[in-house]
Amino acid sequence: MNTLSPALAANRPISLPELLTSRESRQSRQQAWLARHRVTLISLTLVAPGAVKDNPLTRKLFALAWQAITSLSQQQCWPVLQQEIFPLPTGCEGLIAVDLPAEQVKDAALLLELKHPQGRLWDIDVLDASGQILSRRDVGLAPRRCLLCHRPANVCARAQTHSIDQLLVQMELMLNATTATH
């Protein structure tokens, strides 16, 4: 069975300690990959509001994101050294080690996020071989916008401007719009 199958999702709320431990584990995994490969690293996660980070919706969205980024790497003939998906209760994660300059990979990843109908739901971090994350600001882009309004997402999140239900409905609409066109 496919490890990204929506039926395998944990579908349970994640506590703050679990979320923080998950972030530390992701950073450790990234550092281990960087030490092993010494090249640019793509780290794929989702923008997933609410306490339930691994559910059928996020599994479907992650699968589409992974397919898009791996298709891009194949189309661009990127020298991929290793790639792996980690389906976790705290949300799916994916790593891809690419032997290219981080700036080139970041530019392509940002274009993919901007052009794909659901790209706004993806968080494609690009780390250079030293482990430095290239941010949107580094390439002259504004912070991410809210899914529901035009303010910066971090402002709405901090103020809890929108309910989790509103955000999840928007994510579902974005998924349905994407899958209806493919």
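**View 1. The aromatic pair of the predicted model.** In this predicted model, the count of aromatic pairs comes to one. Phe62 and Trp66 form that pair, which is stacked, with 6.3 Å from centre to centre and 15° between the planes of the rings. Because Phe62 and Trp66 are four residues apart in helix α2, about one helical turn separates them. Both Phe62 and Trp66 are buried.

**View 2. A charge over a ring, at Arg29 and Phe86.** Here the charged end of Arg29 sits over the ring of Phe86, at 4.6 Å from the centre of that ring.

**View 3. The largest nonpolar core.** This core has 32 residues, and those with the most contacts inside it are Ile42, Leu44, Ile69, Trp78, Trp122 and Ile124. At least two residues of the core are supplied by each of β1, α2, β3 (93-98), α3, β4 and α5, and the largest share, eight residues, comes from α2. As a general background to this view, nonpolar side chains in soluble globular proteins tend to be buried together.

**View 4. The largest pocket and the residues that line it.** The largest pocket holds about 1,600 Å³ of space. Its lining is made up of 50 residues, of which Arg23, Leu46, Val47, Ala48 and Asp123 lie nearest the centre of the pocket. Sorted by class, the lining has 22 nonpolar, 15 polar and 13 charged residues.

**View 5. Helices and strands around the largest pocket.** Which helices and strands each supply at least two residues of the lining of the largest pocket? The helices are α1 (16-37), α2 (56-75), α3 (102-115), α4 (153-159) and α5 (164-181), and the strands are β1 (40-46), β4 (122-127) and β5 (133-134). Of these, α1 gives the most to the lining, with six residues.

**View 6. Asp54 in its loop.** Asp54 lies in the loop between β1 and α2. Is Asp54 buried or exposed? The relative accessible area of Asp54 is 1%, and this residue is therefore buried, since the term applies to values under 20%.

Key: Residues are numbered from 1 along each chain as its sequence is written. This is a predicted model: local features need pLDDT of at least 70, side-chain atom pairs count only at pLDDT 80 or more; totals for chains, interfaces and linings use all residues. Side-chain values use heavy atoms; hydrogens and water are left out. On a 1 Å grid over the protein atoms alone, a cavity is a set of points where a 1.4 Å probe fits but cannot get out, and a pocket is an open set with protein on both sides within 12 Å along at least five of seven lines; lining residues have an atom within 4 Å of a point. Grid points are joined across faces, edges and corners, and a volume is the space filled by probe spheres set on the points. Ala, Val, Leu, Ile, Met, Phe, Trp, Tyr, Cys and Pro count as nonpolar, Asp, Glu, Lys and Arg as charged, and the others, Gly among them, as polar. Rings of Phe, Tyr and Trp (its six-membered ring) pair if their centres lie within 6.5 Å; planes under 30 degrees apart count as stacked, over 60 as edge-to-face and the rest as tilted. Buried means under 20% relative accessible area, exposed over 50%, partly exposed in between (1.4 Å probe, protein chains only). A charge sits over a ring if NZ of Lys or CZ of Arg is within 6 Å of the ring centre and within 35 degrees of the ring normal. A nonpolar core is a set of buried Ala, Val, Leu, Ile, Met, Phe, Trp, Tyr and Cys residues joined through side-chain atoms within 4.5 Å.
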